[in-house]
Amino acid sequence: PMAVLPRTPVRPLPVRLMLTWRQTPLHARVGSDQAMRIPRAGGIGLLGCAAILSAWSSAAALTQAGDDHGAAARIFTERVERYARLRARLSEPLPPFDTRRAPWSLLLTRRYLASAIRTARAHAAPGDICAPPVEGLFRESLAGAIDEIDGEGLVTGDGETLVDLVINEPVPDWALGPVPRALLERLPAVPAGISYRIVCDALVRWDEHAEIVIDALPDAFVTR
């Protein structure tokens, strides 16, 4: 018989998420009345210099942004793979996750694995995987793709029920929503058995074997 590991205290995310869709624009456009006007007295030379400086600054900014995104992606990959290795080690004494097994046997395996992960990650907190540089990468990636999908694809729940996201804990099936393909294509790849899910306005890293929250990014689909 499998030993039942003791439950350990869990740390909830610092927000309770209302299941609503807030249609907040992700990009603010500068109006024509705010455009900078250059007097004609400056001549073509001034305009030419300004154009060259602007192009140089834009290229430098793009290069820096690319370097920052690459570093953030590496940090995320390292941390999520570390979690995957931990789960693989804890899964070794357990039967394989074969959907052809009896449902009750598969459920028992999932619960035992979840308990083992809670013990191993007793001090896990929101943001351990989605650290500040990684958070910026995810928010920019989502903002760049949000206009390509229908907002209804980001809605989970009935619009009124509250859901508490807690690291190492499950989420009701009805609250878990899929991430549209247009968004998945912009997000870093994750190991097998780990997926991205949507719960309210949060982007969740979900363990498909233990059926628990690995980490979450609150307010991922709205501006702050």
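Is Cys200 buried or exposed? Cys200 is buried, at 2% relative accessibility, where buried means under 20% relative accessible area, exposed over 50%, and partly exposed in between (1.4 Å probe, protein chains only).

## Basis of the report

This is a predicted model, in which local features need pLDDT of at least 70 and side-chain atom pairs count only at pLDDT 80 or more, while totals for chains, interfaces and linings use all residues. Residues are numbered from 1 along each chain as its sequence is written, and side-chain values use heavy atoms, with hydrogens and water left out.

## Overall architecture

The chain contains four helices and six strands; helices (H or I, at least four residues) and strands (E, at least two) are DSSP runs, numbered from the N terminus. Their order from the N terminus is β-α-α-α-β-β-α-β-β-β.

Of the 224 residues in the chain, 38% are buried. Contact means heavy atoms within 4.5 Å. Among contacts between residues at least 6 apart in sequence, 71% join residues at least 24 apart.

## Cysteines

Cys130 is also buried, with a relative accessible area of 5%. The whole structure has zero disulfides, a disulfide being a pair of cysteine sulfur atoms within 2.5 Å.

## Arg110

Arg110 belongs to helix 2 (residues 103–120) and is buried, with a relative accessible area of 13%. Leaving aside neighbours within four places in sequence, Arg110 is in contact with Phe97, Glu208, His209, Ala210 and Glu211. For one of these residues, His209, the backbone oxygen lies 2.8 Å from a polar atom of the Arg110 side chain.

Methods:
A polar contact is a pair of N or O atoms within 3.5 Å; within protein, one must be able to donate a hydrogen and the other to accept it, and residues adjacent in sequence count only if both atoms are side-chain atoms.
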